[in-house]
Amino acid sequence: MSAPLYQLKAEFFKTLGHPVRIRVLELLSEREYAVSEMLAEIGVEPAHLSQQLAVLRRANLVVARREGSGVYYSLANSQVAELLRVARTILSGVLAGQAELLADLRATEPGRTQG
């Protein structure tokens, strides 16, 4: 018996649940990157980047290819870039709502004159 879809989705989102992995996917949403380029952009230790890339490869979110002594990564599916765009839109809305709430709270602070 296969896992229910909601369980598979939870595993998928767990895979995305690391800042370095998200940053890698954001970079790869723009274009293919060599590992050396990603290291410069992300600023983590090579072993840490390698570990996170392995997680993304196992989840079939990225693919690697060798060219000479370099390894290049790209998204396995362009819809990953769309998912990141949707997440950004959702977060923008959430943060805008929080900013509005904060402004309302500050406006109603005791001792603060209104108008």
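Visitor: How are the residues numbered, and which limits apply to a predicted model?
Guide: Residues are numbered from 1 along each chain as its sequence is written, and side-chain values use heavy atoms, with hydrogens and water left out. Because the model is predicted, local features need pLDDT of at least 70, and side-chain atom pairs count only at pLDDT 80 or more, while totals for chains, interfaces and linings use all residues.

Visitor: How far does helix 4 reach from its first C-alpha to its last?
Guide: Helix 4 covers residues 46-58 and has 13 residues, helices being DSSP runs of H or I with at least four residues and strands runs of E with at least two, numbered from the N terminus. The expected span, 1.5 Å times one less than the number of residues, is 18 Å, and the reach in the model is close to that, at 18 Å.

Visitor: Which elements are included in what covers the buried residues of helix 4?
Guide: Buried means under 20% relative accessible area, exposed over 50% and partly exposed in between, with a 1.4 Å probe and protein chains only. The buried residues of helix 4 are Leu-49, Gln-52, Leu-53, Ala-54, Val-55 and Leu-56. Their cover includes helix 1 (5-16), helix 2, helix 3, strand 2 (62-67) and strand 3 (70-75).

Visitor: Is Gln-52 buried or exposed, and with which residues is it in contact beyond its neighbours in sequence?
Guide: Gln-52 lies in helix 4, and it is buried, with a relative accessible area of 4%. Leaving aside neighbours within four places in sequence, and taking contact as heavy atoms within 4.5 Å, Gln-52 is in contact with His-18, Val-20 and Arg-21.

Visitor: How is helix 3 oriented to helix 4?
Guide: The axes, lines fitted to C-alpha atoms over the stretch in contact, with angles from 0 to 180 degrees between N-to-C directions, come within 10 Å and cross at roughly 110° for helix 3 and helix 4. Angles under 35 degrees count as roughly parallel, over 145 as roughly antiparallel, 65 to 115 as roughly perpendicular and the rest as oblique. Helix 3 is therefore, relative to helix 4, roughly perpendicular.

Visitor: Which residues make the contact of helix 2 with helix 3?
Guide: The axes of helix 2 (residues 19-30) and helix 3 (residues 35-42) come within 11 Å and cross at roughly 120°, so the two helices are oblique to each other. The contact is made by Val-20, Arg-23, Val-24 and Leu-27 of helix 2 and, from helix 3, Met-38, Glu-41 and Ile-42.

Visitor: How far apart are Asn-77 and Ala-47 in space?
Guide: Asn-77 lies in the loop between strand 3 and helix 5, and it is partly exposed, with a relative accessible area of 36%. Asn-77 and Ala-47 are 30 residues apart in sequence, and their distance in space, C-alpha to C-alpha, is 25 Å.
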